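Q: Can you walk me through this one? I'd like to start with the core.

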Amino acid sequence: LFSNNNYRTVLRHCAWMTRYGTDGLFLGTFATYLPGGFYNPTPPRNNRMMNYVRDPAASTGRSWAMAYDVSGTNSNLLNIIKNDWKYLVDNGYTSSPGYLHQNGVPVIEIWGFYPRVAGSPDKSQLADLAVANELIDFFHQPGPYQAYFIGSGPWWFSEPATISANPDWYTMIQRLDAFMPWNPGHMGNPGGVIKAATNTWQRDINTYPNKWIPTIFPGFSDLNRGGNVRPRRRGAFLWG
């Protein structure tokens, strides 16, 4: 079966990106699998996939950057992320050929910036404003570990009701260098045709000028589970 956990597969994907004009990629990892996380309480760190991306990206002229998903991470989140970023910097990963930089510093993306909602469990420790602001302070501190910090969270982050109900959370969001709303699964049914919902994008741009990065949701096949409610339709799901 298909797997990205193969050097030749990643090299082929990077070659395809070169052929079709895709500049680069984010390498996603769940923080719970990093040293200090629930599934990996002690070192070493598994670097295999990172090496599989670093070397093919360099050889094909593609950019890459780390993306952490902190959902389900325990109260040790700050130490997990800080220590892993220091490891990447100290071991030359963020200075390797192809690692994405913006404004002269390496890029990092973290998914999990959700506001607290009464009666609902927090999606991550980043619902705690003190934790979120400390993480932003860490990546904005001038020095060897400074980074261009992209945060990711709900597609509805720019709704006026969200902003008015969570003013302190939105103040924290504005401290990020950029914001990437999580759009997968966000879809509508205009005219009886299921398609990706992009109707909030213009409001996002207006709310977060020069800092908003879209997440593309091209559809998803559920055929292996007995259904296909989000068919790609050869691109029409997103663009049709």
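Q: Which residues in the largest nonpolar core touch the most other members?
A: This is a predicted model. In it, Trp85, Ile110, Phe113 and Phe139 touch the most other members of that core, which has 51 residues.

Q: And which element gives the most to this core?
A: Helix H3 does, with seven residues.

Q: What is phenylalanine 113 in contact with, leaving aside neighbours within four places in sequence?
A: The list for phenylalanine 113 includes Leu126, Ala132, Phe149, Trp169, Met172 and Phe179. Gly151, Ser152, Gly153 and Pro154 are also among its contacts.

Q: Which residues form an aromatic cluster?
A: Phe113 belongs to one, together with Trp85, Phe138, Phe139, Tyr145 and Phe149.

Q: What sits over the ring of tyrosine 145?
A: The charged end of lysine 86, 5.8 Å from the centre of that ring. There is also lysine 211, which lies over the face of tyrosine 208 at 5.7 Å from the ring centre.

Q: Back to rings. How many aromatic pairs are there in the whole structure?
A: A search finds 17. One of them is tryptophan 64 with tyrosine 99: the ring centres are 4.8 Å apart and the planes are at 80°, so this pair is edge-to-face.

Q: Why does 80° make it edge-to-face?
A: Because the cut-off for edge-to-face is over 60 degrees between the planes, and this pair has 80°.

Q: Where in the chain are those two?
A: Tryptophan 64 is in strand E2, residues 63–69. Tyrosine 99 is in the loop between helix H3 (77–90) and strand E3 (101–102).

Q: Buried or exposed, tryptophan 64 and tyrosine 99?
A: Tryptophan 64 has 1% relative accessibility, so it counts as buried. Tyrosine 99 has 5% and also counts as buried.

Q: What about tryptophan 111 and tyrosine 114?
A: Their ring centres are 5.5 Å apart with the planes at 65°, so they too are edge-to-face. Tryptophan 111 and tyrosine 114 are both buried.

Q: New topic: the whole protein. How many helices and strands?
A: Eight helices and eight strands.

Q: What share of the residues counts as buried?
A: 40% of the 240 residues.

Technical notes: Residues numbered from 1 in each chain as written. Predicted model: local features only at pLDDT ≥ 70, side-chain atom pairs only at ≥ 80, totals over all residues. Heavy atoms only, no water. Phe/Tyr/Trp six-rings, centres within 6.5 Å; stacked < 30°, edge-to-face > 60°. Helix = DSSP H or I, 4+ residues; strand = E, 2+ residues; numbered from the N terminus. Buried < 20%, exposed > 50% of the residue type's maximum accessible area, 1.4 Å probe, protein only. Lys NZ or Arg CZ within 6 Å of the ring centre and 35° of its normal. Core = buried A, V, L, I, M, F, W, Y, C linked by side-chain atoms within 4.5 Å. Contact = heavy atoms within 4.5 Å.
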